[in-house]
Amino acid sequence: MKKLVAIIIFATVFFMPSFVYANENIRLFVDGSEMFGLSTPPIIVGERTLVPARDVFERVGGVVGWHSGHRQVSLFFGDDVIVLTIDDRTARFNDDFIQMDVPPIIYNDSTMIPLRFPAEVFGFEVDWVAEENTAIVNSPGNGNGVVYDDYDIPIISFPPIPPAEDIGDISDKEELPWEGVLEDDELPPPGVVVQGGSGAAQDVSTSTIVNMSHPQTTITSLRTPLDTGSAAFVAVASSPISEVQHFLLPDNRLVVDIHNAVSMICGEFASPANVPVSAFRASQFSQTPRVTRIVFEVVGAADYSITLSGDRTLLTVSFSKNRISGVFAQSDSVSDSLFIQGDVLPAISISTEGFPLFLTINIDNAAMDAVGGAFANGVFASHFSTGQHDDGSAYVRVYVREWPSFSTAHSANSVALVLHHGVSGVRYDSVNRELRISRKFAMDVAQIQQDNEYLRLRHTFLLPPQAEVLGRGEVSVLDGFVNSFSLAPDSMGNIRLTFNTARVLNFSIHEEAEYFVIRAHLPREVSPFVVVIDPGHGGSDPGTRHNGIVEKDFALMISHKVMQLLDADPFVQAFMTRRDDTFVSTLSRAEFANDLEADLFVSIHLNAAEKSPGVINPEVHGIETWYANTESRGVANIFQRQKIMHTNAHCRGLRNGPNIVVLRETTMPAVLLELGFITNPDEAARLKGTQYQWQLVNSIYRGIVETLGLA
């Protein structure tokens, strides 16, 4: 079976919206029907026709994937895949490499790929009628029988896609785009649950998902046990899900079909060790009607349940509990160790709520079959007990004579908690998210330097040299907020106290009678509003560059200036999707804002105008604001008005961009600000001026505070 990893589907690839004045009106016919409503019309580059990848190839039944880190687009048909890299003429067809006449490009917000090459290697007929500026593509059997073989590689026949009215029940749907997932003769009739033989998984769902009529939705992500902290997978939909069907095949594959749904996920993924699933995969299984399919390869006779959230946007597939078969204690002269063994690797978190008497190891989604015991000659611990929580998790409680530092280690199916010396006088309270430091040394908390590296999920306090009495080492926390903290000296003799976090947090420090207290806060606990500033492009993606201005650099500079104003505002907590010249995928930017539950997302860009690829139009100028939905349109109007009022620039108005990833995938009001056309020499000159830059910055800040009702 082919292993396709971490391919994320995008409706289009988000780059700077630019204005293209095409000098040709190219028509495209597929199987006799003209294609209308393309995100970008076909273009001619080097005597080759380029078309928007997803619009065209999904129309004929393929699956299109995008890997932002490598700027690669992948086309799937049956068991075959073509991989194309932006601006690179070398393509990969399965395991072969082929040179194309022209490379794929990013053009007018779309991934444009050569039409002839991928179509022909998949067995389609391609023709060009020059006098009519028309490209013609026919599936095998729908054309004149002529198949081009310009590239001297095997021709793969792909069956014609039947018209919508001819598509019947689930047994007629096309196969998933990888080898051996489902064969047509394996599919049961709709609504029938097929159970396997001995050792098969069992459905223990306690409720039935009722079908309802809703508009088409999009499956935007699939959260795994690494995200959920449990033995559960969660498919996240952008709007209510209409219908869900599931069935178990005889070889213990659990198939979950989400009807009336477009998939933004495609590929095969390795499963975490703490669930009875060896692998899982997802794709757009059917185009007409739209069906997203998720397949789990279940290991053994695991119980599973399938539920839908009340708002029908979260579909959860949960698997059986991990049986904890043994808990063993061991001590030497310097440390105590507790080993917890399960059927698979236990997923644990540690609570210090019982300080100073005991600490608790919570084991998610687990059945406790082991009993308590004692630490023979324990350095810190005397004994431990085991039990079961009401929420389905298990626990081990470790009773201590002296509060230790602790860390964790794991093997294939067991985890070890190690109690040791190293850090003393320090205790983390996971209930209140507080680190309490005994006042063994003098410290002015008002003078303590902090470095919040939130994009790296790290926050550091620089303590004075006297803090060396606390020792050094790393202490595990694993409470869902803080993963661990560590103490270590730096080259100047100061002590670096570093928190490694599970999510973006803020930290504060204050004094009490017996302790210095460092507290971890969620951003919304610090300020009533959370805003994300998104400097466009970055790293290997420079954006547009003209007249001495590079878009990625200008966007970052303006964003830092906006952050200066926001950081001084006590009502707003602001974050950036990148703080330096780093590449960040468009989907990651949206997910960052969603994880923060931000109130507003503002993406900052520059514009460019082209008459045709590579030929600029220096006349176009002005400022515009993009939005993707009705909720964001009013916000876009505020920002556009503020920008024009502060800069007196030419107003190009509002632009609707429903397929711009950072606008489409954010769950809060989101706008994309185009601050001017650097292809226009006069506008580029103004953008280089410090005074004009601060006018733009002030307009963005005023747009934010007006949107939040703070003006």
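Aspartate 581 has a relative accessibility of 44%, so it counts as partly exposed. The model is predicted: local features need pLDDT of at least 70, side-chain atom pairs count only at pLDDT 80 or more, and totals for chains, interfaces and linings use all residues. Residues are numbered from 1 along each chain as its sequence is written, and side-chain values use heavy atoms, leaving out hydrogens and water.

The side chain of aspartate 581 forms a salt bridge with that of lysine 552, at 3.1 Å from N to O. Aspartate 581 sits in the loop between E49 and H6 and lysine 552 in helix H5 (residues 551–567), so the pair ties together parts 29 residues apart in sequence. Lysine 552 is buried, with a relative accessible area of 12%. Helices (H or I, at least four residues) and strands (E, at least two) are DSSP runs, numbered from the N terminus.

## Other salt bridges

The whole structure holds 20 salt bridges. The criterion is a side-chain nitrogen of Lys or Arg within 4 Å of a carboxyl oxygen of Asp or Glu. Which residues are linked in a network? Glu434, Arg436, Glu512 and Arg519 are.

Glutamate 120 and arginine 116 also pair through their side chains, at 2.7 Å from N to O. Both lie in helix H2 (residues 116–121), and because they are four residues apart, about one helical turn separates them. An α-helix has 3.6 residues a turn, so residues three or four places apart point the same way. Glutamate 120 is buried at a relative accessible area of 1%. Arginine 116 is buried too, at 15% relative accessibility.

The buried set is Thr586, Leu587, Arg589, Ala590, Phe592, Ala593, Asn594 and Leu596.

Arginine 589 makes a salt bridge with aspartate 534, side chain to side chain, at 2.5 Å from N to O. Arginine 589 and aspartate 534 are both buried.

## The sheet around E55

E46 also belongs to an open sheet of six strands, in the order E49-E46-E50-E55-E53-E54, with mixed pairing. Two strands pair if DSSP finds at least two bridges between them. Strand E49 (572–576) and strand E54 (651–656) are the edges, each pairing on one side only. On average, neighbouring strands of this sheet are turned by 20° against each other, direction ignored.

Strand E55 (residues 670–677) is mostly covered, with eight of its eight residues buried. Strand E50 (residues 600–607) runs parallel to E55, and six bridges join the two. Strand E53 (residues 623–627) runs antiparallel to E55, with three bridges. Leucine 673 in E55 has isoleucine 604 opposite. Threonine 625 also stands opposite leucine 673.

Helix H7 (residues 630–647) lies across E50, E53, E54 and E55, at about 165° to E53. Axes are lines fitted to C-alpha atoms, for helices over the stretch in contact, and angles between N-to-C directions run from 0 to 180 degrees.

Strand E17 (residues 217–223) and strand E18 (residues 232–237) run antiparallel, joined by four bridges. Serine 221 stands opposite valine 236 in E18.

Is leucine 315 buried or exposed? Leucine 315 counts as buried, at 1% relative accessibility. This leucine lies in strand E26 (residues 314–319). Leaving out residues up to four places away in sequence, leucine 315 touches Ile209, Phe233, Val234, Ala235, Ile241, Val244, Val256, Ile258, Ile306, Thr307 and Leu308. Contact here means heavy atoms within 4.5 Å. Leucine 315 and isoleucine 209 are 106 residues apart in sequence, and their C-alpha atoms are 10.0 Å apart in space.

Note on methods
Buried means under 20% relative accessible area, exposed over 50%, partly exposed in between (1.4 Å probe, protein chains only).
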